[in-house]
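Dear colleague,

Please find below the structure that I am handing over to you. My findings follow it, and I would be grateful if you read them with the coordinates open.

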Amino acid sequence: MSTPVLEIIDLKKTYKRGFRAKPVYALKGVSFKIEPGVITGFLGANGAGKTTTIKCLLELSLADSGRILYFGKEGLSNEAKSKIGFLPERPYFYDYLTGREFLRFYGKISNRLKSQELEQRVNDLLKRVGLAHAGDRQLRSYSKGMLQRVGIAQALIHRPEFIILDEPQTGLDPDGRFEVREIIRETASEGTAVFFSSHLLPDAEQLCDDLVIYKQGEMIYNGSTQKLLGQAESGFRITTSENGKLHEHDVKTAAELQQKIDALRAQRLEIREVRPLRLSLEEIFIKMGFDAKSPIAAIDTEGARR
Amino acid sequence: MNYLKSICVIGVNTYREVIRDRILYGIVVFALLLIGLSVVLGGLSFAEQAKISADFGFAGIQIGASILAIFVGSTLVAKEIDKQTILTLLARPITRTQFILGKFVGLILVILTVMAGLAAVLAGLLLFLQLPITGLFAVALYGVILEALVLVSCTLMFGVISRPIMTVIFASSIFLLGHWVSSLEGLMKMKSIASEPTFQIGVKVAKIIPNLERFNWRSAPIYNIDVPFQDLAYATVYAIGWMIVFLALTSFIFRRRDFV
């Protein structure tokens, strides 16, 4: 079994603003792991504690208690930092640097690549995020989408083994979202673990191998995306065609599905489609968040919890 | 080695960012106008034109460097926090102390560049007015550099605990007090002005404010007054001492900061 790139154990964080203000429990003892090469989606409503967790992970905000292990070792050492890439939410970068200078700066500060290799990496990444034409323009002339893409490039510049992206698709048009999705997929295919927070659940459903779901500072799910979706499965639907008309046949179990297919073939009906009947991640998420009495919420919060 | 390399990388980046900022050109134009004004004011005197021009010229360089240190220094860290660039930087293999030192080095490099340009203009002007350029010209500039080291480190310290506008107010107060502290000390020594307890408090307050007049050798090239090496050495140690105190405090405060 490989060492997790990140392991969080019982992380707690409280905010207190003002002398007499009541403390706000932002993180109430969360624990989860991220395995190498896996895309993990980090979901939760606004204020659930996602950004706080990310900031605690990077020691930008200091946790009250709990343990954080990177690559099996306690704490965020410089060695660990050199293997991590990070893109914050709504990034704004140095207005007067060109895209190329900006990437070169982050590459140098990461101290992992030699000059020549870094130069090649800058060119490759500019091409990969679709900014080869704008590499010599100052960042203040970049659009929001371009800034997001150059931000992703800075997170990847030093060939990290683990990247953390805080809502990387926020504010992007559908094309931009698609591009970010592809970059995340490509990055993971090279063996890099990706941990990204998002409100775009259809994208998370398509992309993520694993999910971490928060509700009000607590983790309510950590596990495989397919397992979660599978738990919300309620059977299968077979669509057949007869004289140009489509008919749907619903069955409950996999065994019934095989029997039904055999029966339909025996009737010489044309089978057009077989698909599982299940809720989308978005529907599951809404039920988990708002409907504690729903059977799915019960499954997810108890049965699916690791 | 890597420790210094990271500081240099941040320093060069800060330099690049500030040197391209429009606010810098406003400050440079202001300083050039002051030097230009020195010619006009010098023209009012028949006998001492060159000396008056030199006096105003050095004042222009000193004010330009101080404005740069205070106004640009006040936003140096605040801008990184507002724009969240600090988050991506501190997620890299650098410490918060390296970040502060890099910012410091970057702004000092900017001030040195601007001073070099302004000094060249002043030197040309003085040659035109037939005032000889001696080593004392460099000594006067060295004093401005030492003062800039103290001011930038002091502004950075205020910059990590307050908003830019408050930082400008605090750092400007230190600048003014730093130049008046010797005069105030002198005044208070006259018992008729201050009572004994006030005098004692005044003496203690004077010790916690850097005396920026120690770096004032601007009249040396004008009146051809030699500056003893001991004075230069003492002022250098004094400036570096204050700079270390301010940077250590800045780093101490910044290391505990939560970026919520």
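In which hand does α3(B) pass α5(B)? The crossing is right-handed. Please bear in mind throughout that this is a predicted model.

The two helices concerned are α3 of chain B, residues 49-82, and α5 of chain B, residues 96-128. Their axes lie 10 Å apart and the helices pack at an angle of about 160 degrees. Angles over 145 degrees count as roughly antiparallel, and α3(B) is therefore roughly antiparallel to α5(B). Sorted by class, the residues of this contact comprise 21 nonpolar, three polar and two charged.

Helix α3 of chain A (residues 99-110) and helix α5 of chain A (residues 144-156) have axes that come within 9 Å and cross at roughly 25 degrees. Since angles under 35 degrees count as roughly parallel, α3(A) and α5(A) are roughly parallel to each other. Here, too, α3(A) passes α5(A) in a right-handed crossing. On the α3(A) side the contact involves G99(A), F102(A), L103(A) and Y106(A); on the α5(A) side, V150(A), A153(A) and Q154(A) take part. Five of the residues in this contact are nonpolar and two are polar, while none is charged.

I turn next to the interface between the chains. In it, 27 residues of chain B are in contact with 35 residues of chain A. The buried area between chain B and chain A is about 3200 Å², and carbon and sulfur atoms give 52% of it. R20(B), R92(B) and P93(B) supply 22% of the area that chain B buries against chain A, which is more than any other three residues.

Finally, the charged pairs. Side chains of opposite charge can pair when their charged atoms come close. Over all chains, a search of the whole structure finds 23 salt bridges. The count between chain B and chain A is three. A salt bridge also joins the side chains of K13(A) and D258(B), with a distance of 2.7 Å from N to O. Within chain A, E161(A) forms a salt bridge with R112(A), and their closest N and O atoms are 2.9 Å apart. E161(A) lies in the loop between α5 and β7 (162-166) of chain A, and R112(A) lies in the loop between α3 and α4 (115-128) of chain A, so this pair ties together parts that are 49 residues apart in sequence.

With kind regards

Key: Residues numbered from 1 in each chain as written. Chains lettered and ligands numbered in written order. Predicted model: local features only at pLDDT ≥ 70, side-chain atom pairs only at ≥ 80, totals over all residues. Heavy atoms only, no water. Axes fitted to C-alpha atoms, helices over the stretch in contact; angles between N-to-C directions. Helix = DSSP H or I, 4+ residues; strand = E, 2+ residues; numbered from the N terminus. Parallel < 35°, antiparallel > 145°, perpendicular 65-115°, else oblique. Left-handed = near helix turned anticlockwise from the far one by under 90°. Contact = heavy atoms within 4.5 Å. Nonpolar A, V, L, I, M, F, W, Y, C, P; charged D, E, K, R; others polar. Buried area = accessible area lost by both parts, 1.4 Å probe. Salt bridge = Lys/Arg side-chain N within 4 Å of Asp/Glu carboxyl O.
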